[in-house]
Amino acid sequence: MSAASASLAEHATLQEHVLQEHNAAKAVMDRVVHSGCLDSDNIRYLISPLALFNGDVLLADLTPAGDLNIFMGDFTGHGLTAGIGAMPLADVFYTMTRKGFDLNEVITECNRKLHWALPIGQFCCATVVSVQSRRSGIEFWCGGLPDGYLIESNGAAMKRLRSHALPLGIVGADRFRCQTQRLAYRSADRLLLFTDGLLENRGIDGSHLSSEMVESLVLGQPSASSFDRLLAANNDRRISTSPSDDVTLIEVELNEAVSPQAALGQTRPTFASEAPPPEQDWRFSYELRAASLRGFSPLPMIQQLVSEIPGLRPHVGAIYCVLAETFSNALEHGVLQLASTDKHSADGFDAYYRRREQRLRDLRHGYVRFEFECLSDGRRGRLIIRVMDSGDGFDYERTLAEPRAQRYHGRGIGLLQRLATRLCFLGNGNIVEVEFEWS
């Protein structure tokens, strides 16, 4: 064999080895990064990588209360350099989402991790959304990606999710301030997000999709066709010329259905445990005052506490949903004195959460207190949760007496009644007591 032939054979062997390593690394990345719920029936998405490793990242997963969190990101560059940032990002997103951290806490930690991990000059443009079906609203944060859209079910109108922040990883934790925004939605509305590759890739004639063209493709279209029309427009450009950037696109059909975890609950249920739990007899109290209420969610820590009770481990999701509902009610209606009736229109929904943020920033007094009492003889057990706040309470007897069909607020009470074994209000309505039983 000549020296030239030997050199070519050695080069081919080396190239094959590098390709195998890249494929193995990509397989590991795919398992870690795409381990969420993108395959849900109400989600349609496209991820078209420009290279073996994709600079775009798309993550989706459920919180313990059944909220759907979505992260769409676009790292600077392409290939391995861009794709490697997806690993620590996905770890933070999935871990904190599954533990029930608030969206702003998830985003803040993602920024801290990327600022620490990425080299100078690299960052991640992102849109992060939490679809909160219990409230019929979305909470979102946009930093550097094209505007997203919230589209009415008939395609007649849309609202923009406008970019309003710096991309992730540019500034450190001492300078990063996460300000999320909110929009109301109705059942069967659609959420549409995409990276800038959809707008930047050009056809053979040099044309590219503009934001106005995207709007014309989705407005007036039923949910069955708008995604397909965008997909066809993107594919036309990929066929006619070489793409210049990654393209990621997702459409989510929104609904007001009870969350998967909440569906575990039944009227006055008795939970069954696979193994007899040990005897337990304890009481725990936890109080958050103004400084903590302004920027701290106690729910992940409390969820960890509840998950240590063997008889309730299969039902942590349902209990978390109850905790989330009672805490938000105590904070918003008790401490902050906000009225549920303000959320009955899209404009009112937006104004409600602007007032919420302002009153939280101005909060100097008030508290929310949790009390947990666990009683178990090894055969049967009870967990009693009391949530009390410093507010004036409400006329709960009148609210409970109203027919549900005529009640324009207080939907959370019905949810609590379905999930808990027992529900009652005490004091002036500023104390709610929820009980779970298991055997």
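## Exercises on a predicted fold

The protein's secondary structure comprises 13 helices and 15 strands (DSSP runs numbered from the N terminus, with helices being H or I of at least four residues and strands E of at least two). This is a predicted model, where local features need pLDDT of at least 70, side-chain atom pairs count only at pLDDT 80 or more, and totals for chains, interfaces and linings use all residues. Residues are numbered from 1 along each chain as its sequence is written, and side-chain values use heavy atoms, leaving out hydrogens and water.

**Exercise 1.** Describe how helices H9 and H10 pack.

*Solution.* Let's begin with the geometry: the axes of H9 (residues 299–307) and H10 (residues 316–335) come within 10 Å and cross at roughly 145°. Angles here run from 0 to 180 degrees between N-to-C directions, with axes fitted to C-alpha atoms over the stretch in contact.

Next come the residues in contact (heavy atoms within 4.5 Å). H9 contributes Leu299, Ile302, Gln303, Val306 and Ser307, while H10 brings Val316, Ile319, Tyr320, Leu323, Ala324 and Phe327.

**Exercise 2.** Find where the predictor's confidence is lowest and highest among the elements.

*Solution.* Start with the whole protein, which averages a pLDDT of 81 (confidence in each residue, from 0 to 100); 79% of the residues score at least 70.

Then go element by element: helix H2 (residues 79–83) has the lowest mean, 66, and strand E4 (residues 124–132) the highest, 96.

Last, check residues 257–270, where pLDDT stays under 50; the model has 34 contacts beyond four places in sequence for this stretch.
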